[in-house]
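Here is a short note for a first look at this model. Please read it alongside the structure below.

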Amino acid sequence: MSSRSVVLILDFGSQYTQLIARRIRELKVYCEIHPYNISLEQIRLMNPRALVLSGGPSSVYEAGAPLVSKELFELGLPTLGICYGVQLMAKLLGGSVQPADKREYGRAHVKVNDAGARSPLFHGLHAGEELAVWMSHGDRLEAVPAGFTLIGETPNAPHSAVADEKRRLYGIQFHPEVAHTPRGGEILSNFLFRVCDLAPTWTMANFAEEAEVHIRSQVGEKGRVILGLSGGVDSSVAAKLLLNAIGERLTCIFVDNGLLRQGERAGVESLFAGAFKADLHVVDAEERFLAKLAGVTDPEQKRKIIGREFIAVFDEEAKRIDGVEFLAQGTLYPDVIESVSHKGPSATIKSHHNVGGLPETMKLKLVEPLRELFKDEVRELGAELGLPRPVLWRQPFPGPGLAVRILGEVTKERCDILRLADAIIDEEIRAAGLYESIWQSFGVLLPVKSVGVMGDLRTYADALALRAVHSKDGMTADWVPLPYELLGTISRRIVNEVRGINRVVYDITSKPPGTIEWE
Ligand code: XMP
């Protein structure tokens, strides 16, 4: 059986839409998010097995509220409307939705009634049971459409859960996808496996097999592919997948820009050229990058120079490889959703981070084998493909590398100083068992000299700022209260072992207002 029984999630703009997708995939069912205004024809072409209508910030009666055609409900597909999704379903099918007297945000309890206890959606719940749920709506269902029955209620929203068992149309006012609805997973699972009769076949082993077949059909019998390996999770997993699919027809290019951390290049070489026997081209471009960065202190300038230089180096190397038609990239699903979202590509601060972006002038066809996956799925796939844990759980490292952690001018000497300090931080954070629970931990070399004393000698050297943050996606972050003892060890070791640094300070700024990187 193919692992691709698609559940289609129509996005009405809820902040939780991605979470719905993740929950469904955790249940090993493949699903995709599409904007609510995708055509019926496109939906039919995808041949989905079920629909989920997400929540959204609008009111169905508002001018410009996102609407769908009533015919959506005539496709014969089992459908689950969540929050705005159920209001829309009710409105289109002849029910009535009104602004609630009291808006319902946050925790609530939905009482399951007799019909609910019999409904496959609430399988495992009994009549009279109170379900802790997370609500977030201003409107409420006043009258359900013909054919629907009530299966659960709260004091504020008498029609909190409704069902038309015959047409397999379900609606819930609350959010089953969030952690605050503890039994939400069971409800989603009931919808998939009891209502829609799907099977949990979406596994990373299946994905890998299908992706390899797909890659082979996309690049053909002879096609050659290049891929920019950064040492990070995404490009490493993409590379291994391609390697399994087309072997030596893949060439990996690793640009050593001189701004890498200690051991990074050696790690990539030993894994890809060594263990995996990949065709790996390592470009030694340290001098070139440092020459371009000489005398530059402005952060934006540094980023631009590094971005441009990376493209130039990559392009030159690619031209040395005969017959390349394809460029592989580790694009992930959140990037794909962001660019097709009905809200339009969101203008986030991430835009300047695409240092790895390659020029369209290269005229290469894109191979993006991870574009359907979330980050945690990429890690799972990587484990399936035999990539070592330190690669899969590596903390994010910015494309411009140490250059944005060396304030002021970037020189070889200062790179070496920071590299050494960074290696100590890395070692101690790992030894404390904290590496994987921290989003990023690193040092920033400051252009600030201060006086110190070592033995009988006076020193006058640079200061290093230690930074460690917790974050879920890099968009916001909190500084980590590292244990004092660990701070002490890191500081002592850096000042003792790294010539050029005589003072360590700890950065206790969250994001916002600070950024994670200092530049
Ligand atoms: P900031 O410093 O903006 O960083 O709070 C947010 C997250 O993005 C990473 N970052 C980058 N990643 N290329 C990347 O691939 C870049 O140019 C870049 N700049 C910042 C940063 O490390 C953090 O995780």
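**Notes on a pocket and a sheet**

1. The second largest pocket takes at least three lining residues from each of domain 2 (204-392) and domain 3 (410-506). Those bounds come from an automatic or database domain assignment. A pocket is an open set of points on a 1 Å grid over the protein atoms alone, where a 1.4 Å probe fits, with protein on both sides within 12 Å along at least five of seven lines; lining residues have an atom within 4 Å of a point.

2. This is a predicted model: local features need pLDDT of at least 70, side-chain atom pairs count only at pLDDT 80 or more, and totals for chains, interfaces and linings use all residues. Residues are numbered from 1 along each chain as its sequence is written, and side-chain values use heavy atoms, without hydrogens and water.

3. The lining of the second largest pocket has 26 residues. Gln262, Gly263, Glu264, Arg394 and Arg430 lie nearest the pocket centre. By type, the lining splits into 10 nonpolar, 8 polar (Gly is counted here) and 8 charged residues.

4. Now the sheet. Its 5 strands run in the order E12-E11-E10-E13-E14, open and parallel. Strands (at least two residues) are DSSP runs, numbered from the N terminus; two of them pair if DSSP finds at least two bridges between them. Strand E12 (279-284) and strand E14 (365-367) are at the edges with a single partner strand each, so one side of each has no neighbour in the sheet.

5. Strand E10 (residues 224-228) pairs with strand E11 (residues 250-256) over 4 bridges, in the parallel sense. Valine 225 faces leucine 250 in E11.
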